[in-house]
Amino acid sequence: MNTAARCLRVLVVDDEPLIRWSISETLGAAGYQVTEAQDAASALKALADDPDLDLVLLDFRLPDSNDLGLLAMIRQIAPAAAVIMMTAFGTPDVTAGALKLGASKVLNKPFNMHDLEGVVRSL
């Protein structure tokens, strides 16, 4: 585990508790500092409280957000944060739109946690 990984602060935004837990456990075990949010409102509050987060793992569809508008707001609040969009609805339009709005990567669900850790490490 390198020192840089221990300092990286990650916000995991997903409405599925098991997915949030799995990602948090995986990245936490790798030394990342992980915060969780279950919806857009709690994600925006977490970013308002700490706009210097390094990475946001963002689910595309949340109970209070089901478009790319939340990604656009995140880019405004925390422009330096990398954003990885996660979606089970990975159409070419969603992927292209997310990348155009500044997502670093779009991951289609389901994905392997080992692969996710590699993507995070590569950012």
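Colleague: What pattern does the protein follow, read along the sequence?
Modeller: Along the sequence, the protein follows the pattern α-β-α-β-α-β-α-β-α-β-α. Helices (H or I, at least four residues) and strands (E, at least two) are DSSP runs, numbered from the N terminus. The radius of gyration, taken over C-alpha atoms, is 13 Å, close to the 14 Å that the globule rule gives for 123 residues, so the protein is as compact as a globular protein of that length. The globule rule is 2.2 Å times the number of residues to the power 0.38.

Colleague: Where does the model come from, and how are residues numbered?
Modeller: This is a predicted model, in which local features need pLDDT of at least 70 and side-chain atom pairs count only at pLDDT 80 or more, while totals for chains, interfaces and linings use all residues. Residues are numbered from 1 along each chain as its sequence is written, and side-chain values use heavy atoms, with hydrogens and water left out.

Colleague: How many helices and strands are there?
Modeller: The protein has 6 helices and 5 strands. Its C-alpha trace spans about 35 × 30 × 25 Å along the principal axes.

Colleague: Let us turn to α2. What span does α2 reach?
Modeller: Helix α2 (residues 17-29) has 13 residues and reaches 18 Å from its first C-alpha to its last, close to the 18 Å expected at 1.5 Å a residue. The expected span is 1.5 Å times one less than the number of residues.

Colleague: Which residues of α2 are buried?
Modeller: Arg-20, Ser-22, Ile-23, Ser-24, Thr-26 and Leu-27 are buried. Buried means under 20% relative accessible area, exposed over 50%, and partly exposed in between (1.4 Å probe, protein chains only).

Colleague: What covers the buried residues of α2?
Modeller: The cover includes the strands β1 (9-13), β2 (33-37), β3 (55-59) and β4 (82-87), together with α6 (113-122).

Colleague: And what follows α2?
Modeller: Gly-31 follows α2, and its phi is positive, near 100°.

Colleague: A new topic: is Leu-44 partly exposed or buried?
Modeller: Leu-44, which lies in helix α3 (residues 40-49), is partly exposed, with a relative accessible area of 23%.

Colleague: Which residues does Leu-44 touch?
Modeller: Leaving aside residues up to four places away in sequence, Leu-44 touches Leu-70, Met-73 and Ile-77. Contact means heavy atoms within 4.5 Å.

Colleague: Finally, what percentage of the residues of the protein count as buried?
Modeller: Of the 123 residues, 45% count as buried. Among contacts between residues at least 6 apart in sequence, 66% join residues at least 24 apart.
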